[in-house]
Amino acid sequence: LHLQTELVHDYPSNQLFKEDIELEDNTILPLVLALLALLHFMTSCAILVSYCCLMAPVIIFKREKTIARSMSPEWLDQPPQSLSERWDRLAAMSKSYPRNYWDKQANKRSHPGADDVMDLIHSLVDIRYIIWAVGTVLCNRHVMYRICYCAVSLLGLQFSVFFFSFHLLDFVHNFKLVRTVLRSVLHNGKQLLMTMVMTCVVIYIYTVVAFNFFREYYPNETVDVEGTELHSCNSMVRCFLFHINQGLRSGGGIADVLEPAVGDSYEFLRLSFDITFFFVVVVILLAIIQGLIVDAFGQLRDQEDAVALEMQTKCFICGLSNNEFDHIPHGFDKHITKDHCIAHYMFLLLYLIKKRESEFSGQESFVWEMYLKRDWDIFPVGKCFQLQETSSAN
């Protein structure tokens, strides 16, 4: 009644009705959140299913291509060197391999002297190949990402809507620049990890010195809501954690949180302890960690810029740069779209893959043999009819 009275006196009649609606709408907020959570979970499941249906053949195709290119006559007879090689042999020894890859020689290398009719019968229900294909798809990082995305959505639906906050990290997956920043952290991962280990070792050495000589300078810390205080350096474990927490975060090192030792007998020793901790840990080791991340980011950015510049200024087929065509009007654009178009070469390759070898012409047989040998001399590297015609005309 008091709230209604205040609303009547403070608001006009038209705003009073709106305020009542807002107060009543707050009661349906849990229902709205539940419906949105259910909608989000259903959408994430639909994205997962659609991505698997669309990209599973592509993932299997790429893996089959990798197996076919690494396969040699002695490959199946040699013992596997790693777990991934053992997993790939599971597919290579199955009757259905290759199911998606178009290489005609892959099946002949993996099953020499096999009967096509019997292979067709066995490939209908090939448990070994099915296990390999499902495992390959599930181990793909993009599929795993969408599975985790759907799982977190299920947790938000069943337990708490705050789990949906993790979905904000999806912008890392969608924006290339943010992915480059994340890759810069993981690019020098081994060096970064070893530097962190060395930092912990150095801080532990300082902890031993502080625990034995400078323990009385360390403050007390509140450990619970009741106000119970414990000395921050009453044990080696607490003292080490205190150095990790305060020593790395303080701009001036561990000396920022310790009591001063002015006029004490350990004054000069404390001065050496504080200054060396600042220079060794804060100035040197933390700067090394930051430098590794910054250098990796610059290196990755330079690589991407170099690749983009080369794709824009050089022909992918012959490798000639656009400077070679400066004297010809629209010469480079015509060259990469008509003379050395990538789509034309891909069409030729797909045409030979689908065509029977008994129907090849002489030139097609020559190109097919070079392709099987992975001999790329069939590409006109450094050559172009357009430049040859221009030079002969001049």
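**Entry 1: terms and source.** I class Ala, Val, Leu, Ile, Met, Phe, Trp, Tyr, Cys and Pro as nonpolar, Asp, Glu, Lys and Arg as charged, and the others, Gly among them, as polar. The model is predicted, with local features needing pLDDT of at least 70 and side-chain atom pairs pLDDT 80 or more, while totals for chains, interfaces and linings use all residues. Residues are numbered from 1 along each chain as its sequence is written, and side-chain values use heavy atoms, without hydrogens and water.

**Entry 2: the whole protein.** I found 17 helices and two strands in the protein; these are DSSP runs numbered from the N terminus, helices being H or I of at least four residues and strands E of at least two. Of its 394 residues, 28% count as buried, that is, under 20% relative accessible area with a 1.4 Å probe and protein chains only, against over 50% for exposed and partly exposed in between.

**Entry 3: the largest pocket.** I looked up the largest pocket, with a volume of about 670 Å³. On a 1 Å grid over the protein atoms alone, a pocket is an open set of points where a 1.4 Å probe fits, with protein on both sides within 12 Å along at least five of seven lines; lining residues have an atom within 4 Å of a point. The volume is the space filled by probe spheres set on the points, which are joined across faces, edges and corners. Of the 22 lining residues, Tyr345, Leu349, Trp376, Ile378 and Phe379 are the closest to the centre of the largest pocket. H15 supplies the largest share of this lining, six residues. By class, the lining of the largest pocket has 17 nonpolar, two polar and three charged residues.

**Entry 4: the second largest pocket.** Its volume is about 550 Å³. I noted 18 lining residues, with Tyr145, Leu169, Val172, His173 and Leu182 nearest the centre of the second largest pocket. Here H8 gives the most, six residues.

**Entry 5: salt bridges.** I counted three salt bridges, each a side-chain nitrogen of Lys or Arg within 4 Å of a carboxyl oxygen of Asp or Glu. Arg183 and Glu304 form one of them, at 3.3 Å from N to O. Arg183 lies in helix H10 and Glu304 in helix H13, so this pair ties together parts 121 residues apart in sequence. Arg270 and Asp274 meet at 2.9 Å, N to O; both lie in helix H13, four residues apart. Arg270 is buried at 4% relative accessibility, and Asp274 is buried at 13%.
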